[in-house]
Structures are given as structure tokens and as C-alpha cells.
Amino acid sequence: MNKKAIIIGFLIGIITTFIGISIYTIIIGLKLDLSFQEIGNRILSTNVLGKRASIGVLLNLPVFYYFLNKKKEDYSKGVLIAIVLVALIFIINKL
């Protein structure tokens, strides 16, 4: 087991989730005709962050399968750990 590869996969998973949340919020914000400052505030808002995070995590699926197809299982383990960690954080936050 390569710990460095797992950590890199974890960081890629977290960054990809944040990118997914940002893209989703920007698309919805532009659809609602919000200013970029309001969109930025919505990205950092915690009111509906759990819902946006679940959509943001979907962006990790192609990354996960890419690593599996390239036979880089340790990277895909890191991405999977990131997905589980994000899910746990929002489950705990919901309680």
C-alpha cells in the first residue's frame, strides 16, 4: 500500500468535490441571475451545503473510475476515502 498515493488521491477527491460544488452553485446562480458576489457567498454558505456537496461528489465518479482503469488502486482508495469523509461530515452536521 502506497500511503503517498492514497493521500494524493484523497486531496484530488476533496479538490474535485469543491470544484463540483462551485460549478453547480455558479450554474444555479447564473440561472437565478445572481451577481458573482452573491454566488461566492452561496458557495461558502452552509445552509444547503449538504445538498450541493452531494452533487459535487458526483464529479469524483469519473476520477475514481479513471484511476481504476489506469490500475492505480491506491489513488482510487484516496478518492473513495474523500467521498466517505465528506458524507460523514455532512451526516454529522445534519444531526
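This is a predicted model: local features need pLDDT of at least 70, side-chain atom pairs count only at pLDDT 80 or more; totals for chains, interfaces and linings use all residues.

Trainee: How many helices and strands does the protein have?

Mentor: There are five helices and zero strands, so the order of elements from the N terminus is α-α-α-α-α. The C-alpha trace spans about 45 × 30 × 15 Å along its principal axes.

Trainee: What percentage of the residues is buried?

Mentor: A residue is called buried when its relative accessible area is under 20%. Of the 95 residues in the protein, 33% are buried.

Trainee: Which residues form the largest nonpolar core?

Mentor: That core has nine residues: Ile21, Ala53, Val57, Val63, Phe64, Phe67, Val79, Ile83 and Val86. Helices α3 (49-57), α4 (60-69) and α5 (73-94) each supply at least two residues of this core.

Trainee: Which residues form a nonpolar patch on the surface?

Mentor: The patch consists of Ile7, Leu11, Ile15, Ile19, Ile23, Ile27 and Leu59, with about 620 Å² of accessible area together. One of these residues, Ile15, lies in helix α1 (residues 3-31).

Trainee: Is Ile15 buried or exposed?

Mentor: Exposed means over 50% relative accessible area. Ile15 is exposed because its relative accessible area is 52%.

Trainee: What share of the contacts with a separation of 6 or more joins residues 24 or more positions apart?

Mentor: Such residues account for 66% of those contacts in the protein.

How values were computed
Residues are numbered from 1 along each chain as its sequence is written. Side-chain values use heavy atoms; hydrogens and water are left out. Patches are made of residues with over 30% relative accessible area and no salt bridge: like charges are joined within 9 Å, nonpolar side chains (Val, Leu, Ile, Met, Phe, Trp, Tyr) within 5 Å. Accessible areas come from the Shrake-Rupley method with a 1.4 Å probe; for residues, only the protein chains shown count as cover. A salt bridge is a side-chain nitrogen of Lys or Arg within 4 Å of a carboxyl oxygen of Asp or Glu. Helices (H or I, at least four residues) and strands (E, at least two) are DSSP runs, numbered from the N terminus. Buried means under 20% relative accessible area, exposed over 50%, partly exposed in between (1.4 Å probe, protein chains only). A nonpolar core is a set of buried Ala, Val, Leu, Ile, Met, Phe, Trp, Tyr and Cys residues joined through side-chain atoms within 4.5 Å. Contact means heavy atoms within 4.5 Å.
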